[in-house]
Amino acid sequence: MSFLSRIGFIETEEQERARLAQAPEGSLNHHLSTLPVTIDEWPKDLLVELPWQQRTDRAHRVVEVPIEFRKDALPEGVDEEPLPRKLHSGSWLCAVVFSNHPDYPVGGFRIDVPDAQIARGRKVDLATVTP
């Protein structure tokens with residue numbers, strides 16, 4: 001646990017899980033609430049395989065590279081995020097570099113991915129990937 005989480009400035013992983021679990025069952029956020037955080041570092045320029053919510057009987061793989069972070073907008077009339085601040089409070093513009101999902105083609109395709117989803121992804125090390 002980070003110092004900022006210990007003093008209540010940023011939510012803990014458990015608080016984030018509880019917040020995400022409040023989303024409707026079947027939603028991406030509800031699914032993410034069941035997964036542990038696996039990437040603690042700033043993910044810019046990493047290869048990340050997204051955790052895929054299984055809505056079909058076919059397993060999909062989508063690997064992307066986070067390029068640009070976009071902080072969540074605050075609600076109208078709110079100047080500062082209330083404490084504790086969200087552990088993962090934004091999204092990333094990402095380039096798809098591998099995909100077997102028909103909706104996410106490779107080759108210049110960009111997607112917006114919630115920071116909480118990337119944090120629950122799997123870092124891909126090209127040195128260990130077999131052809």
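Glu81 is buried, with a relative accessible area of 14%, where buried means under 20% relative accessible area, exposed over 50% and partly exposed in between (1.4 Å probe, protein chains only). The side chain of Glu81 meets that of Lys71 in a salt bridge at 3.6 Å, N to O, and this pair links distant parts of the chain, with Glu81 in the loop between E2 and strand E3 (90-99) and Lys71 in strand E2, ten residues apart. Lys71, by contrast, is exposed, with a relative accessible area of 55%.

This is a predicted model, in which local features need pLDDT of at least 70 and side-chain atom pairs count only at pLDDT 80 or more, while totals for chains, interfaces and linings use all residues. Residues are numbered from 1 along each chain as its sequence is written, and side-chain values use heavy atoms, with hydrogens and water left out.

**Salt bridges overall**
- A search of the whole structure finds twelve salt bridges, each being a side-chain nitrogen of Lys or Arg within 4 Å of a carboxyl oxygen of Asp or Glu.
- Glu11, Glu16, Arg19 and Arg120 are linked in a network of salt bridges.

**Glu49 and Arg61**
- The side chains of Glu49 and Arg61 form a salt bridge at 3.0 Å, N to O.
- Glu49 lies in strand E1 (residues 48-49) and Arg61 in the loop between E1 and strand E2 (62-71), so the pair ties together parts that are twelve residues apart in sequence; strands (E, at least two residues) and helices (H or I, at least four) are DSSP runs, numbered from the N terminus.
- Glu49 is buried at 14% relative accessible area, whereas Arg61 is partly exposed at 36%.
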